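Have a look at the sequence and the model first, and then read on.

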Amino acid sequence: MNNKPLIQLTSLTKTFTTEAGVISAIKNVNLTINAGDYLSIAGPSGCGKSTLMSILGLLDTSSEGQYLLNGHKVHELDVYQRAEIRNKEIGFVFQAFNLIGDLTVLENVALPLTYRKMKKQDRIEIAMNSLAKVNMADRAKFYPAQLSGGQQQRVAVARSLVVDPSILLADEPTGNLDSKNANAIMDLFDELNEEGRTICMVTHDSRFAKRSSSIVHLDDGILC
């Protein structure tokens, strides 16, 4: 690890207005993630974990506070600027895999590269290298429906890595997997972190949270 701040959240708050009034999903969150960290954000359902993860991944914006990502003041950017940085800096792994059913494994993994000015053959080569990292290169021509849940999640991890992101965000990555496949995915995260990947994972499973190098807890939107 190198102690370089990659992400800095300062007094981050997210509120929603409903018929019942204003609801705070996260409240005054302060958090620093350094390059090379492996952080778990733990807490029960409804505590604000997914809201915080959406903000970290630039899929949503805070109502108040500051968010610095690799020196970028992303809380000040418009939707197009955030999308550009998201494609360069962030890799996502979701609970539901989010693979496109009518694309092959290779096409799914290469998809994030289509937003870059890159030759098709170069995209294919990078995507195959990413699949090889998760031991799925031999399934490149398969479709998601032909894979097990664990295999689909490995493909999702390969897709998240294909852009060489600054940070890997994993939102309940083992939530749809049985125990064997869940542990295999966690083994993969361990390997990626050992290689220097920065990982931030949301989980409600304390067994998996303990495998990270540090844990923070969200309770009713408050980080503790």
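Leaving aside residues up to four places away in sequence, threonine 104 touches Ala140, Lys141, Phe142 and Tyr143, where contact means heavy atoms within 4.5 Å. This is a predicted model, in which local features need pLDDT of at least 70 and side-chain atom pairs count only at pLDDT 80 or more, while totals for chains, interfaces and linings use all residues. Residues are numbered from 1 along each chain as its sequence is written, and side-chain values use heavy atoms, with hydrogens and water left out.

Threonine 104 sits in the loop between β6 and α3 (105-110); helices (H or I, at least four residues) and strands (E, at least two) are DSSP runs, numbered from the N terminus. Is threonine 104 buried or exposed? It counts as buried because its relative accessibility is 12%; buried is under 20% relative accessible area, exposed over 50%, and partly exposed in between (1.4 Å probe, protein chains only).

Now to the sheet. Six strands form an open sheet with mixed pairing, in the order β6-β7-β8-β3-β9-β10; two strands pair if DSSP finds at least two bridges between them. At the edges, β6 (90-94) and β10 (222-223) each pair on one side only. Strands β7 (residues 167-171) and β8 (residues 199-203) run parallel, joined by four bridges.

Two helices pack on this sheet, as tabulated here. Axes are lines fitted to C-alpha atoms, for helices over the stretch in contact, and angles run from 0 to 180 degrees between N-to-C directions.

| Helix | Strands touched | Angle of directions |
|---|---|---|
| α1 (residues 49-56) | β3 (38-42), β6, β7, β8 and β9 (214-219) | about 155 degrees with β8 |
| α5 (residues 149-161) | β6 and β7 | about 170 degrees with β6 |
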